[in-house]
Structure formats: C-alpha cells, structure tokens
Amino acid sequence: MVFVVSPMNTAPDYVHPVAKNFSDFLRLILVCGDVAAVEQAWMWDKIQFEAFLQENPITQGQQQTLSEIVEKLKLKPMEQPWSYIKPCNLHLITAKSSIQKIIMILI
C-alpha cells in the first residue's frame with residue numbers, strides 16, 4: 001500500500017492511503033501530473049478533485065517525465081482516478097487510545 005504523509009495537517013489527518021501498490025500510484029501520477037491532487041483527494045468530493053485537475057493542467061516539463069514513465073515502465077494512466085483513490089481512504093480507521101495517541105489501522 002502507498003501512503004501520502006502531510007505533516008502540516010492537523011491530527012489525525014497526517015497520513016492517507018492512496019494506492020494499493022506502487023504501480024497504481026504511478027498510474028495516478030500519470031493522469032494527475034503530480035502528487036498534489038492525489039495527496040489532497042481525501043478531503044474533496046469528485047467535483048473538487050476534477051476541478052483541481054482542470055485548474056492545474058500538466059505542464060510540458062511534467063509531460064516529458066510522465067512520457068518516460070510510460071515508455072520505460074509500460075504503464076497506462078489510471079482510467080478513473082477519483083473512483084480509485086476514494087475507496088483507498090475508506091479502509092483507514094482512525095482511533096484514539098487511552099493515552100490520546102493516534103493509532104492508524106488498515107482493514
């Protein structure tokens with residue numbers, strides 16, 4: 001499983017699962033251009049996610065790098081990134097222990 005870590009977020013929103021494996025993570029990056037949308041998707045609905053992608057199109061420099069990933073790793077962009085990312089976050093349960101530490105449990 002691949003997680004994003006956002007240390008500037010408030011507790012308990014530091015860590016979020018975004019992909020089942022590294023290949024799927026790269027496939028998300030191929031469609032999103034970078035990690036920004038993938039990292040923030042947990043707090044958005046589908047409309048906000050798609051608006052972010054529209055407002056932040058892939059740059060020429062990013063496209064060159066992404067093309068190399070496609071060519072060398074033989075990966076294709078994730079067909080429906082929102083439909084993939086959102087269920088990953090539903091498998092994360094956050095619970096507080098008796099000493100108020102945050103415990104992350106994957107189910």
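Modeller: Strands are DSSP runs of E with at least two residues, and they are numbered from the N terminus. The model discussed here is predicted.

Colleague: In which loop does Pro 12 lie?

Modeller: The peptide bond from Ala 11 to Pro 12 is cis, with omega near 0°. Most peptide bonds, by contrast, are trans. As for its place in the chain, Pro 12 belongs to the loop between strand 1 and strand 2.

Colleague: Which residue in strand 2 does Val 2 stand opposite?

Modeller: Strand 1 covers residues 2–5. Four bridges join strand 1 to strand 2 (residues 15–19), and the two run antiparallel. Val 2 lies on the covered face of strand 1 along with Val 4, whereas Phe 3 and Val 5 form the uncovered face. In strand 2, the residue opposite Val 2 is Ala 19.

Colleague: Are helix 1 and helix 4 parallel or oblique to each other?

Modeller: The axes of helix 1 (residues 22–32) and helix 4 (residues 60–73) come within 10 Å and cross at roughly 140°. An angle counts as roughly antiparallel over 145 degrees. The two helices are therefore oblique.

Colleague: Is Lys 74 buried or exposed?

Modeller: Lys 74 lies in the loop between helix 4 and helix 5, and its phi is near 55°, a positive value in a residue other than glycine. The relative accessible area of Lys 74 is 67%. Exposed means over 50%, so Lys 74 is exposed.

Definitions and conventions: Residues numbered from 1 in each chain as written. Predicted model: local features only at pLDDT ≥ 70, side-chain atom pairs only at ≥ 80, totals over all residues. Heavy atoms only, no water. Axes fitted to C-alpha atoms, helices over the stretch in contact; angles between N-to-C directions. Parallel < 35°, antiparallel > 145°, perpendicular 65-115°, else oblique. Buried < 20%, exposed > 50% of the residue type's maximum accessible area, 1.4 Å probe, protein only. Pairing = 2+ DSSP bridges.
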